[in-house]
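Hi,

Here is the structure I promised to pass on to you. Have a look at it first, and then read my notes on its aromatic rings below.

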Amino acid sequence: MNPAVPDIDAFTRVYWDAAAEGHLLIRRCGTCGRAHHYPREFCPHCWGEDVTWERASGRATLYTWSVVHRNDLPPFAARTPYTAAVVDLAEGPRLMTLLVDCPERDLRIGMPLTVTFRVEAEGEGGREGGGEGRGEGDDRVAVPVFRPA
């Protein structure tokens, strides 16, 4: 089992199918109007249940980061060093992710970022790709990561 591959259920399948097509989805509340991420069936701000999927722009800014130099868990051990980050989406939600294609020396709080997708597979370390995803019987999942805009 690859811990980088999420468990997909009936509720989150829409999210992961969109990611496989190169689109990042968020949820927006019809009651208070606020967007949120990670996907939930209710609004974490007002507890409203009138929430819908919305395609995010894919734009974000860097809030903070940490470069991981040691992680003994596969497949992460083979990826070190990697940059774990918290980003603010243009739509408002803040999320944890990975940064790619950017040396540590170039990272700056507030730098503009754009989403891309890393294809993860059971038993693999994953590889980057845009829009590749899940086919019938396929255990690959496109996971959103960010790079400099």
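**Notes on the aromatic rings**

Phe-76 and Tyr-82 are both buried, where buried means under 20% relative accessible area, exposed means over 50%, and partly exposed lies in between (1.4 Å probe, protein chains only). Before going on, please note that this is a predicted model, in which local features need pLDDT of at least 70, side-chain atom pairs count only at pLDDT 80 or more, and totals for chains, interfaces and linings use all residues. Residues are numbered from 1 along each chain as its sequence is written, and side-chain values use heavy atoms, with hydrogens and water left out.

Rings of Phe, Tyr and Trp (its six-membered ring) pair if their centres lie within 6.5 Å; planes under 30 degrees apart count as stacked, over 60 as edge-to-face and the rest as tilted. That rule gives five aromatic pairs. One of them joins Tyr-15 and Trp-53: the centres are 6.3 Å apart and the planes are at 35°, so this pair is tilted. Tyr-15 sits in helix α1 (residues 13-20) and Trp-53 in strand β3 (residues 51-55), so the pair links parts of the chain 38 residues apart (helices, H or I with at least four residues, and strands, E with at least two, are DSSP runs numbered from the N terminus). Tyr-15 is buried, at 5% relative accessibility, while Trp-53 is partly exposed, at 24%.

Phe-76 and Tyr-82 also make a tilted pair, with 6.3 Å between centres and 45° between planes.

Phe-11, Tyr-15, Trp-16 and Trp-53 form one aromatic cluster.

Best wishes
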